[in-house]
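Hi everyone, thanks for coming.

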Amino acid sequence: MLEKLFAIHNSAVKDTPRTFKRYLFTRIDWNSNAICVTGARGVGKTTMLLQYYHEHYGNVEKCLYVSADNVEATAAGLFNIASEYFAFGGKALIIDEIHKYPDWQIELKNIVDTFKGKKLLVSGSSSLDLKKGKADLSRRFAYYDLRGLSFREYLALKENKSFPALKLDDILHAHVKHAQAISGQTTVLKDFRNYLSGGYYPFFTESEAAYPQKVLNIIEKTLYEDVAVIGNVKPVNIATIKKILWLIAGAAAFVPNIDKLSRELGLSKEYVYQYLEYLEQSGIIIALHSAGKGYKALRKPAKLFLENTNLLAAINGSLKIDDEQGAVRETFFMNQVSNFGRITSAEKGDFMVNDSYIFEVGGKSKKTEQIQGLKNAYLALDKIEIGVGGKIPLYLFGFLY
């Protein structure tokens, strides 16, 4: 068994990119014996784990990489693989695509509990099943979630331009200094426009022409392999979920009217809520909720956005210059800032961050009327290289990680 797995391992690890590392690499406590990295499809989970393999092991006899959806792994069983490999003298096991393996929670629990002192590194997509399993395994595993590329990371990967990650306080109070440093080394507005349509997933380096189709493939796989299987949703209803997704993508700002959606789709309101929850938990959309607390505020979102602007571009065919720019800007802000802190809707302005800061997002001609007289209120403006006072370049919020 191990001979076949070693051959598969050697094929998988040989072309791992090693120079560029994602922001999460240095945030993980690699000393933990059991680590689980989650994240949407295509964001680079496998690459990151294999980079760690090359840095700390570099030898199949010390660390073995296995993809849980490989036929050999399914036939042998993960626990049996771990038993034989650790008896062979292996020190660590990397298991990729764990969410595709049946009864994976039980297998992981048994491996961790049985082989004390051995390291287990696991990755899986942000599927519903993986999130359910987190509750059962949280005492045994350290969990980390990997997002797609920030604008800062895109510049590092695409243009080989290295900039430090910024804290929100840096952006609010020293944005002029940071914007001058960035715009002095890059064609920042052009790069930002390219990032919005084709720079969120690291595989943009493989082929820019094929990139939109690959993004659409991510959507299809997420719906038909994650939502359909884990949510036990029939194919005919996946088509309904896709219709909801396309409605969100086609709206400048999708404010969900559950009663109206229920009538138009011929579904009960409970199913509409359920399908929206599936889309959010699978990493395809982000829901913006009100700052209120309680079940009602948590259940009914104030607005719905696609998870990132590249999904928006792929579904709509392109990012149009005028009518979709509001949705593009707000989607970018939601996507990048939600990785930093709590983001909710605001009574005045577009967003409130950490219950303290209010942001109005718009183009360079946006005025301050909506946030006039509000404390800690700022404009996040597109198409400006350098801001002034409370007017901050939108692209700077892509430097938070």
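Which residue forms a salt bridge with Lys 21? The partner is Glu 55, and the closest N and O atoms are 2.9 Å apart. By salt bridge I mean a side-chain nitrogen of Lys or Arg within 4 Å of a carboxyl oxygen of Asp or Glu.

A word on the source: this is a predicted model, where local features need pLDDT of at least 70, side-chain atom pairs count only at pLDDT 80 or more, and totals for chains, interfaces and linings use all residues. Residues are numbered from 1 along each chain as its sequence is written, and side-chain values use heavy atoms, with hydrogens and water left out.

Back to our pair. Glu 55 sits in helix α2 (residues 45–56) and Lys 21 in the loop between α1 (2–13) and β1 (34–39), so the bridge ties together parts 34 residues apart in sequence. Helices here are DSSP runs of H or I, at least four residues, and strands are runs of E, at least two, numbered from the N terminus.

Next, Lys 100 and Asp 69 form a salt bridge, with the closest N and O atoms 3.4 Å apart. The pair links the loop between β3 (92–96) and α5 (104–114) to the loop between β2 (63–67) and α3 (71–76). Both belong to a salt-bridge network that also includes Arg 41, Lys 221, Glu 225 and Asp 226.

Arg 140 and Asp 113 meet in another salt bridge, at 2.9 Å from N to O. Across the whole structure, the search finds 20 salt bridges.
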